[in-house]
Amino acid sequence: MDLSYGKEFEAFRGEVKAFLKQSWPPSGDAAKGSKEEQLRRFRELAISKGYLARSIPKQYGGSEQAPDPLKGQVIQEEFNAAGAPMEPRGIGMMMLVPTLLERGEDWQKEKFVRATLMGEIAWCQGYSEPGSGSDLASLKTRGELVGDEWVINGQKIWTSSAHEADFMFCLVRTEPNAKKHEGISYLLIDMKQKGIDVRPLREMTGGAMFNEVFFNDVRTPKNWIVGKRGEGWLVSRTTLKHERNSIGAAGQMTALLDALVATAKRRKLDGRPAIEDPEIRRRLIEVEGYIRAHQYSGFFQMTKDLKKESPGVLGLMNKINSTHIGHRIAKLAIEILGDDGIVAPGERNMMGSEMDSDSTWTNYYMAAVGIAIAGGTANVQRNVIAERGLGLPRDVAADRSK
Amino acid sequence: MDFDLSDEQRMLQQTVKQFLDNECPMAKLRQLFDDETGFDAVLWKGLAELGVTGIHLPAEYGGSELEILDLAVVAEVLGAHATPVPFLSHSLAGLAISLAGSPEQKKRWLPALASGEKIATIAFSEADDAWLPEQWKLAAGATLSGAKDRVEGAEQADLFVVGLAGGKLGVVERSAKGIEIQRLETADRTRRLGRVHFEGTPVELLAAGGTAAAQRVCDVGLVLIAADAFGGADKLVATSVAYAKNREQFGVIIGSFQALKHQLAEMAIEIEPTRALYWYAAHAQDHPPENVPAEASRIASIAKSHLCERYSQVARDATEVHGGIGFTWEGDTQIWFKRAMFDRVMLGTPRLHKNRAAALSSW
């Protein structure tokens, strides 16, 4: 057992550190121009060094590096430590780009990958519908081929960032007579057109991250389809050949716990710092126990990745473990706030020491519940673990034939 | 980075598992569970011949001189099999002598402990949740007068490593005068306990290691209990899943009901990540990180409290999954349920170790 990254990787770390020291924040010529221009220049430089866009081919703007989870981890650690930007966040880099690289036509990759990577265009994901949540394949938004264009009508919901997105990747029923899973196509849609109506949905925190999107004779070119007609379900499940990062989430949880400790030092309970309360102390240790277990399970998964072996059932548990830990942190935070656990939630800010204000904690108290729902509810996760992990019978398998 | 067991460690686990499958199958375990003393010298000898009794002891005294992680992965297997042997306390007693004994003391005692020919145990508890060196009150002198509680394998032990005031360690031989052993009726019948009374009993101090040795013996004990808890809890998840795939109601296996699927999934979610936690806690004993003060002790307390709480909960869930049979003496889950009770208390309850971990924190 060896928890160090080894000499080779520590040398690599030194390289990344030196690069960042010189390049971020930008200075001299690099600091000229708008923030966007500076950011773009920095990303291009980091890509040329092979630090960013590592799984993306050079011809589409990436750095095309051999998969190496440890290098990926070192880069992330060092960029985070320096406060330097990595690839643009958001669903475009996370979902659309890997899908296009795997299943898209060359011209689609040409047109969309580089622009997404450089943060020039932003995407939203058109999956859920009012009647199709966990049972996503029952979706009803329809697309008809009229001449050279798809004409799309229907409604999507829970569409994060739709109000800021330039394009949507969208699951649409194009083959109404085919079986449920075989009648869906994966279409790309320009969001800046007439017929698209984006209406914000206000969350319980008061923020409005996600939206309803209505389509009324929305048009997209015939060849803006990824995969063939009726293959949309499969395309949406394209295996993501990423450098999987199994350690990052636990790192964020540790940062949250540190912020909670800072809050416990600042807040008082019974006239004394909350950090001196024996019950609070024990609960902090309990949360740490869960985080540490999650963290070392990440090390184990990374080791398995490096050996190209399966991590087993553990690999299915990362989301729900993060969810559970988030809930424990949220519940302990509200306990530490005492009477002020009643204050209205403030700006969403879930990272590090900036977390240490009462209203960000009441925000997190609510936001943590959202994590249990977004991207596959905890109950769906339990089904997946029970069925694929423990080998128990499938639920509602019958409808796959409909 | 290589955070996984080595092939040798997996083989060690496999060897012990195979031995236990053959030599301590369920029928044998049940017999020992109901037996008056619960001890089987042949089983102990068999494990000793595999080297289980001296994994961590120096080679010059007949041990294998492996790491605490190696000891812990064996503890996991023994926990999974609910093996009725005083492995925990024997291992810790040997560790104490190897850390704090003089060369002469090591030479005198360790070979027989490494070979398993003699059984040693630790006598640390003074009741009222007093398990740790800083809590020991029994006065150290040429002789001992007083009592130690919750001593594993007290009736079989040839040698007692006794925790003494000031965090000192001493050795008392069973043949010494003034010892009286009182059997305790405790829930876990796979690891029997006794109370040991001393009345003017001669004791030999283990003077070489100072209080650090006693602290380390306790920390390693916490890791071994965590490993045992993982083995037992993992076993309970597996047997519960197997039962749910076998038992039918309403004409289908009960594992097809979502209520049960979710309960089983949650059990797995609670337990699966803890394997890496006990590995890390053991690894930290072998290779304490230099830049984090008290990390090895602190993570030992965190792992012990975390694993034992998870084990206790999963034992309740497993009993529930098994329905009526789970609540009977005849059913097997009760054996692990009670091992979880032992693990929870031995060397200090989760409450004590959360307090300790908090006290060792940088906050």
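A residue is called buried here if 20 or more other C-beta atoms lie within 10 Å of its own, exposed if 12 or fewer do, and partly exposed in between, with C-beta atoms placed from the backbone. By this count, 56% of the 363 residues of chain B are buried. For chain A, 38% of the 402 residues count as buried. The model is predicted, so local features need pLDDT of at least 70 and side-chain atom pairs count only at pLDDT 80 or more, while totals for chains, interfaces and linings use all residues. Residues are numbered from 1 along each chain as its sequence is written, and chains are lettered from A and ligands numbered from 1 in the order in which they are written.

Helices (H or I, at least four residues) and strands (E, at least two) are DSSP runs, numbered from the N terminus. Chain B holds 12 helices and 9 strands. Its radius of gyration, taken over C-alpha atoms, is 20 Å, close to the 21 Å that the globule rule gives for 363 residues, so chain B is as compact as a globular protein of that length. The globule rule is 2.2 Å times the number of residues to the power 0.38. The C-alpha trace of chain B spans about 70 × 50 × 40 Å along its principal axes. Two residues are in contact if their C-beta atoms, placed from the backbone, lie within 7 Å. Of the contacts in chain B with a separation of 6 or more, 76% come from residues 24 or more positions apart.

Along its principal axes, the C-alpha trace of chain A spans about 70 × 50 × 45 Å. Among its contacts between residues at least 6 apart in sequence, 67% join residues at least 24 apart.

The two chains also meet. Chain B brings 36 residues to the contact and chain A brings 41. On the side of chain B that touches chain A, two or more residues each come from α7 (210-246), α8 (258-271), α9 (274-286), α10 (295-321) and α12 (350-359) of chain B. The element that gives the most to this side is α8(B), with 8 residues. By class, the side of chain B that touches chain A has 19 nonpolar, 9 polar and 8 charged residues; Ala, Val, Leu, Ile, Met, Phe, Trp, Tyr, Cys and Pro count as nonpolar, Asp, Glu, Lys and Arg as charged, and the others, Gly among them, as polar.

Axes are lines fitted to C-alpha atoms, for helices over the stretch in contact, and angles run from 0 to 180 degrees between N-to-C directions. Helix α5 (residues 87-100) of chain B and helix α6 (residues 103-114) of chain B pack at about 155 degrees, with their axes 10 Å apart. That makes α5(B) roughly antiparallel to α6(B); angles under 35 degrees count as roughly parallel, over 145 as roughly antiparallel, 65 to 115 as roughly perpendicular and the rest as oblique. The crossing of α5(B) and α6(B) is left-handed, a term used if the near helix is turned anticlockwise from the far one by less than a right angle, with right-handed used if clockwise. The residues in this contact include His90(B) and Ile97(B) of α5(B) and Trp109(B) and Leu113(B) of α6(B). By class, this contact has 6 nonpolar, 4 polar and 1 charged residues.

In the second pair, α10(B) and helix α11 (residues 333-345) of chain B pack at about 160 degrees, with their axes 9 Å apart. These two helices are therefore roughly antiparallel to each other, and their crossing is left-handed. Among the residues that meet are Cys308(B) and Tyr311(B) in α10(B) and Trp336(B) and Phe337(B) in α11(B). The contact of α10(B) with α11(B) has 7 nonpolar, 3 polar and 2 charged residues.

Finally, some backbone details. In chain A, a cis peptide bond with omega of about -5 degrees joins Trp24(A) and Pro25(A), and Pro25(A) lies in the loop between α1 (7-23) and α2 (35-48) of chain A. Arg150(B), a residue other than glycine, has a positive phi near 50 degrees. Arg150(B) sits in strand β2 (residues 143-152) of chain B and counts as buried, with 21 C-beta neighbours inside 10 Å. Phi of Phe250(B) is also positive, near 55 degrees. Phe250(B) is in the loop between β8 (248-249) and β9 (252-253) of chain B, and with 8 C-beta neighbours inside 10 Å it counts as exposed.
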